[in-house]
Amino acid sequence: MNKLSFLLALILTCNLNAQNFTPSTYSPALWLDASDTTSVIHSSRTVSAWNDLSGNGNHVTQTTAINRPNYLNTTQGIAFDGIDDLLM
């Protein structure tokens, strides 16, 4: 099997399993899910914290307002500006 065929098979497998995927499936150290609106803490769409759903308490935060990413209500995503937005 060449590399491209393997990659396509991997992508298809991941897509088929994505609907049944939960944190307990793989025991991750960190699980962030922007579609879980209870895990994203924001004020006027500015994200100050994103809670870890893995159960390990590895929540990420940003105390500096100018460095906070934006919460996108329409797509339930988080947008980073690529310059100085970060959560630690």
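Does Arg45 count as buried, partly exposed or exposed? At 41% relative accessibility, Arg45 counts as partly exposed. The cut-offs are these: buried means under 20% relative accessible area, exposed means over 50%, and partly exposed lies in between, with a 1.4 Å probe and protein chains only.

Before I continue, two remarks on the source. This is a predicted model, in which local features need a pLDDT of at least 70 and side-chain atom pairs count only at pLDDT 80 or more, while totals for chains, interfaces and linings use all residues. Residues are numbered from 1 along each chain as its sequence is written, and side-chain values use heavy atoms, with hydrogens and water left out.

As to confidence, pLDDT is the predictor's confidence in each residue, from 0 to 100. The protein chain averages a pLDDT of 81, and 76% of the residues score at least 70. Over residues 4–17, however, the pLDDT is below 50, and this stretch has one contact in the model beyond near neighbours in sequence. Contact here means heavy atoms within 4.5 Å.

Let us turn to the overall layout. The protein chain has two helices and five strands, and from the N terminus on the order is α-α-β-β-β-β-β. Helices (H or I, at least four residues) and strands (E, at least two) are DSSP runs, numbered from the N terminus. Of the 88 residues in the protein chain, 20% are buried. The chain exposes about 6,300 Å², of which carbon and sulfur atoms supply 57%; these areas come from the Shrake-Rupley method with a 1.4 Å probe, and for residues only the protein chains shown count as cover.

I return now to the loop where we began. Arg45 is found between β1 and β2, and Ser44 lies in that loop as well. The hairpin of β1 and β2 has two residues between the strands. Ser44 has a positive phi of about 55° although it is not a glycine, and Arg45 has a positive phi of about 70°, again without being a glycine. For context, most residues other than glycine have a negative phi. Ser44 counts as exposed because its relative accessibility is 71%.

How do the strands on either side of this loop pair? Strand β1 (residues 40–43) runs antiparallel to β2, and four bridges join them. Two strands pair if DSSP finds at least two bridges between them. Thr46 counts as partly exposed because its relative accessibility is 24%. Leaving out residues up to four places away in sequence, Thr46 touches Ile41, Ala65, Arg68, Pro69 and Asn70. The C-alpha atoms of Thr46 and Arg68 are separated by 6.1 Å, although the two residues are 22 apart along the chain.

Further along β2 (residues 46–50) we come to Ala49. What are the bridge partners of Ala49 in this arrangement? On one side, the partner is Ile41; in β3, the partner is Thr61. Strands β2 and β3 pair in the antiparallel sense over two bridges. Ala49 counts as buried, because its relative accessibility is 12%. Apart from its neighbours within four places in sequence, Ala49 is in contact with Ser39, Val40, Ile41, Val60 and Thr61. The C-alpha atoms of Ala49 and Gln62, 13 residues apart along the chain, are separated by 6.4 Å.

Asn67 counts as buried because its relative accessibility is 17%. Not counting residues up to four places away in sequence, Asn67 touches Gln62, Asp84, Asp85 and Leu86.

Finally, which residues make up the largest nonpolar core? The eight residues are Ala34, Val40, Val47, Trp50, Val60, Tyr71, Ile78 and Leu87. A nonpolar core is a set of buried Ala, Val, Leu, Ile, Met, Phe, Trp, Tyr and Cys residues joined through side-chain atoms within 4.5 Å. Leu87 touches several residues beyond four places away in sequence, among them Val47, Trp50, Val60 and Phe80. Across the protein chain, 35% of the contacts between residues at least 6 apart in sequence join residues at least 24 apart.
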